Amino acid sequence: MSLSSRPARAHERRAVVAGVPTTPPDNDILRGRGLTLTQGPVTLLRDVSAAVRADETFAITGPAGAGKSALLACLSGVVAPDCGEVWFNSGPMHVLDEKGRTALRRRHFGLVDGRTRLLPELTVAENVALPLLLDRVRRAEAFAIARHWMDRLDVTEHAESRPTGLGPALLRRAAVARALVTRPAVVFADEPAHDLVGAELDHLMRILVSAVRSHGMTLVLATAHRRVAAHADHCLALREGRPDPHADGW
Amino acid sequence: MAPAGRLRNAWHGASGVDAVRVLAGAAVAGAATIVLLCLLAWALPVEPPGPALLGPVLAALPVLGAVAVLVTIGLRLTLPGQAADANRRSRDSVVSEVAVTALAGSFAGVQAHLALRTLPAAPPAPVRRLLLIGASAPWPGVVAVLAAVPLVAVLAAGYATGRPSTRIRPPVPPYVGPLVALAGLLGQYLIADPGHPERLSHGAVPAALAGYGAVLLGAALTVPWLLTWLGSGWAVRAGRAWTLCAARRVEASARGLTLPLGLITVAVAVITTSGLAGDHTPTEMADAPLFLIMTTVSSCAAAMLFTVVVEHGPARRETSHTLHSIGAGERIDRRAALAALVVPVLVCVPIAIAVGALTAWPARGEGNSFPTIPAHAALLGMVWTVGLLTLALIAAVVVTLRDERPGLRRGA
């Protein structure tokens, strides 16, 4: 399978493959092995492994403080683990420096963080188009693609509004549109339905999962919400930074 | 409760009043009162006759300006979380705290001034004259001094606790600033006789001064509107991520920087007018009040600029975190942040110089009625203002770059 749903560029592939260790890759699009992450005196992850198949929806679950966001950050390259390996599409991410991981994230990953606002000074349309502009897509083309995704996620009506003052459901949908606009290989969603309940939560998750599946993307969720995790094909439950053997108790 | 917690509560008190802030506020008020009383003593009509009252009154303005800026900056930097979501009640309590503190500090300042008089060692004559105030002092003057410092502190506290939003359009309609400036310029040019500036009739002097004031006010109001217009115009054409972010930040910061940019505009415009229309005589002590006012205005502007930058640190860190997570390199965020800092100043200073030059033309020549100072003093003022602004910008840039360090971003 190709590196992503978009045509991969030669130099991108080189960036991923450069300095490949000899470990044989497997069929997982994303794989973390023996991940350990500390922040100051706190150990967020202790020897955690995870494997995500292509085109599947994978959920990292657990109570608050379990290490869900930390594992998602390691898998998406936002943070480099202190110890362990991360492989993306048969290429080692753990050998890349900050710049390399940032480039990889820009070209192959989409991120939804339910707790992070959109950039408050930009309009909703500009927020959605921003990842395309980061990838040097022409302005007119970027805004046309952004408009398509805003239509799909039902936020076009507020395209020229600033995020301040908009409702949480609308903000979450705009954040999803921003993550999907580049048609990434993997979409990482950290509490995508944060602050949403009931029908709004179901609506957002339905749109997200159907969009991801229809475009052949992989979705990795980090959530403490059972209703969100219910959309996943596979789950990994964490507790205190370790895989939880008693996941039913969560 | 833990001993450390008990100690902290004993120091800060159950009311949430910060003892350090109270002591610092009282010290500022006391020091300002002492300086104002010295100025009042200097202006007393003693033998030989003292200077005119206007000079000390003008010289008092920088002192009060310094009080306002120190109170504003102190409150804004010590009320990080409260002011962001402050309700009316908590704002009122902070303003009351400042009022009581300033009043107590002013009384202490009067007592300290009286105590200085009774020192056993005889001070030199000029210093002795500054201390000649007490029972024989004009009570309206002392009352004015006692009232002025707390009043200015309360006004500054009211301004500081109602912090500006990051995304609001300027408070006045956009056409007001240019209209006021144009009306002032028109008035000046109609009154002035360019061929014979010395013929300006005495009755026209207040009108000319009002016109000059209108030009300054209009320019100060125009700069934020112009920045908003410039930012939005840039944003709709921006084809790259960093230019889009920079343009929108310039547009968004226009409201937050309204006051410092307005003050910079006024200071640079007055100095430019003075430099072009002022006479080439040596600097004298009589020029000190106007020079002091301009110095204070520019100092206030630079301090406010820096304070706004510090205040917006958390929002900037969050923006940086978001940009980083969606794959923006450090350079993109850094370029946008620096452009958003530098562009407002680059817009403001040339406009102020242009306004100052335009108003200098009818004011040139002997006997002009405008508040000009000798060209040497104006040059010194320009060096001071631009230098201070540059320092404030450098400090702001350092703070901005520090906010974008990966360690801080990770914790955001």
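Four strands of chain A form an open, antiparallel sheet, in the order β2-β1-β4-β5. The edges of this sheet are taken by β2 (42-52) and β5 (91-92) of chain A, each of which pairs on one side only. Within the sheet, strand β1 (residues 30-39) of chain A is joined to β2(A) by seven bridges, and the two strands run antiparallel. One place to look for this pairing is A:Q39, which stands opposite A:V42 in β2(A). Helix α2 (residues 68-76) of chain A packs on this sheet, where α2(A) touches β1, β2 and β4 (83-88) of chain A. The direction of α2(A) makes about 120° with that of β1(A).

The structure is a predicted model. Chain A has 250 residues, and 55% of them are buried. Its secondary structure comprises eight helices and 10 strands. Among contacts in chain A with a separation of 6 or more, 71% are between residues 24 or more positions apart. The accessible surface of chain A comes to about 10,500 Å², and carbon and sulfur atoms contribute 52% of that area.

A further open sheet of chain A is built from six strands in the order β6-β7-β8-β3-β9-β10, and its pairing is mixed. At its edges stand β6 (109-113) and β10 (242-243) of chain A; each has a single partner strand, so one side of each is left without a neighbour in the sheet. As an example of parallel pairing, strand β3 (residues 57-61) of chain A and strand β8 (residues 218-223) of chain A are linked over five bridges. In this pair, A:T57 stands opposite A:L219 in β8(A).

Packing between helices can be followed in α6 and α7. Two packed helices are described by the angle between their axes and the distance between the axes. Helix α6 (residues 168-180) of chain A and helix α7 (residues 198-214) of chain A pack at an angle of about 10°, and their axes are 10 Å apart. Angles under 35 degrees count as roughly parallel, and α6(A) and α7(A) are therefore roughly parallel to each other. From α6(A), the contact draws on A:A169, A:R172, A:R173, A:V176 and A:L180. The α7(A) side contributes A:E200, A:H203, A:L204, A:I207, A:L208, A:A211 and A:V212. Sorted by type, the residues of this contact are eight nonpolar, one polar and three charged.

A:S90, found in the loop between β4 and β5 of chain A, has a positive phi of about 70° although it is not a glycine. This residue, A:S90, counts as partly exposed, at 35% relative accessibility. A:D154 is not a glycine either, yet has a positive phi of about 65°. The place of A:D154 is the loop between α5 (139-152) and α6 of chain A. With a relative accessible area of 53%, A:D154 is exposed, since exposed means over 50%.

Note on methods
Residues numbered from 1 in each chain as written. Chains lettered and ligands numbered in written order. Predicted model: local features only at pLDDT ≥ 70, side-chain atom pairs only at ≥ 80, totals over all residues. Heavy atoms only, no water. Buried < 20%, exposed > 50% of the residue type's maximum accessible area, 1.4 Å probe, protein only. Contact = heavy atoms within 4.5 Å. Areas by Shrake-Rupley, 256 points an atom, 1.4 Å probe, with all protein chains shown as cover. Pairing = 2+ DSSP bridges. Axes fitted to C-alpha atoms, helices over the stretch in contact; angles between N-to-C directions. Parallel < 35°, antiparallel > 145°, perpendicular 65-115°, else oblique. Nonpolar A, V, L, I, M, F, W, Y, C, P; charged D, E, K, R; others polar.
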